[in-house]
Amino acid sequence: VARFSEQGDSERTMVKHPSTLASVTAHHHQQSRRTVAAAIFVLGYALASSYAYNTAGNPHRAAIVERDRLDALANETLRNGSTSNSTDNVATHAVPATPVPPSKPQQAEKATHGTRGYDPFDDDEIFGDEAAAASADADTVASANSTSPDTNSTNGLAQEEGGDTKASRPLPHEWLPSAGACVALFACATLHALFYLMCHWSIDFRLRAFYAPATTVAEGTFLCFKPLQHKGRAAVVLVTRSRLTDRLVCEFQRQKYTYVSENEWQQE
């Protein structure tokens, strides 16, 4: 059993203690501080939850509007491209064919025909011009057909790419709140967790948050025991009255300490 007395000062009560302890201070528990801290966190959670509830679904709706805008822009771009291609094709077909001057062999052949006489039953004379016109029309149609598959394939690829782009755009969840609400909820949860952990990590932080310095030691007072270095962890213990000795006692590191006032210590 170790006996110690108090030395009061303006801020806290320093209690005389055995040499195995670094310091012993007296404190009163402040329930009002605990209530205020809880009320602050409850208010923060309430405001953040209300903000999240009011803004739920806003990112989803904004993403849908943006997706529709991009789709409309892509469709307009494709429509303008197809219109320009059709205009170019019409202009190409509308230009009349330029007559090709006869080559030198043809001129020589005509001169020969002129010298040997005109034969009205000659096949070349009857079907020559019609065959040339038919071959020119066939070449024009073939060139148009060879150009159109490329245009159609290009349009098909563009439509497929547009479909892939549309399918590859992920949308946020329909109940996701706004970014500010998410930040507010995260901040409240983080501060709450840090406050709880700091009360366990630092004995001084817990004393400042939930306790006030005491000028006297009585039943219900809390004593903060701080052992020597490498002799254990500090702790806050409650002072109670013993039924056997009717003295104020407390227990720290499985040792019972009895409080003795200054007058009783001098008398003994």
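1. Two strands are said to pair if DSSP finds at least two bridges between them. Helices (H or I, at least four residues) and strands (E, at least two) are DSSP runs, numbered from the N terminus. The model is a predicted one, in which local features need pLDDT of at least 70 and side-chain atom pairs count only at pLDDT 80 or more, while totals for chains, interfaces and linings use all residues. Residues are numbered from 1 along each chain as its sequence is written, and side-chain values use heavy atoms, leaving out hydrogens and water.

2. Strand 4 (residues 21-29) pairs with strand 6 (residues 222-227) in the antiparallel sense, over six bridges. Within this pairing, His27 stands opposite Phe222 of strand 6. Strand 4 is also joined to strand 5 (residues 211-213) by three bridges, again antiparallel; here His28 has Ala212 as its bridge partner.

3. Helix 1 (residues 31-54) has 24 residues, which at 1.5 Å a residue should span 34 Å, and its end C-alpha atoms are 35 Å apart, in agreement. The expected span is 1.5 Å times one less than the number of residues. Ala37, Phe41, Gly44, Ala48 and Ala52 of helix 1 are buried, where buried means under 20% relative accessible area, exposed over 50%, and partly exposed in between (1.4 Å probe, protein chains only). Helix 5 (179-201) is included in what covers the buried residues of helix 1.

4. Ala209 lies in helix 6 (residues 203-210). Why does Ala209 count as buried? Its relative accessible area is 18%. Leaving aside neighbours within four places in sequence, Ala209 is in contact (heavy atoms within 4.5 Å) with Arg33 and Phe195. The C-alpha atoms of Ala209 and Arg34 are separated by 7.6 Å, although these residues are 175 apart along the chain.

5. Side chains of opposite charge can pair when their charged atoms come close. The structure holds five salt bridges, each a side-chain nitrogen of Lys or Arg within 4 Å of a carboxyl oxygen of Asp or Glu. One of them joins Asp204 and Lys226 (2.9 Å, N to O). This pair links distant parts of the chain, with Asp204 in helix 6 and Lys226 in strand 6, 22 residues apart. Asp204 is partly exposed, at 30% relative accessible area, and Lys226 is partly exposed at 25%.

6. Asp246 forms a salt bridge with Arg241, the closest N and O atoms being 3.7 Å apart. Salt bridges that share partners join Glu219, Arg241 and Asp246 into one network.
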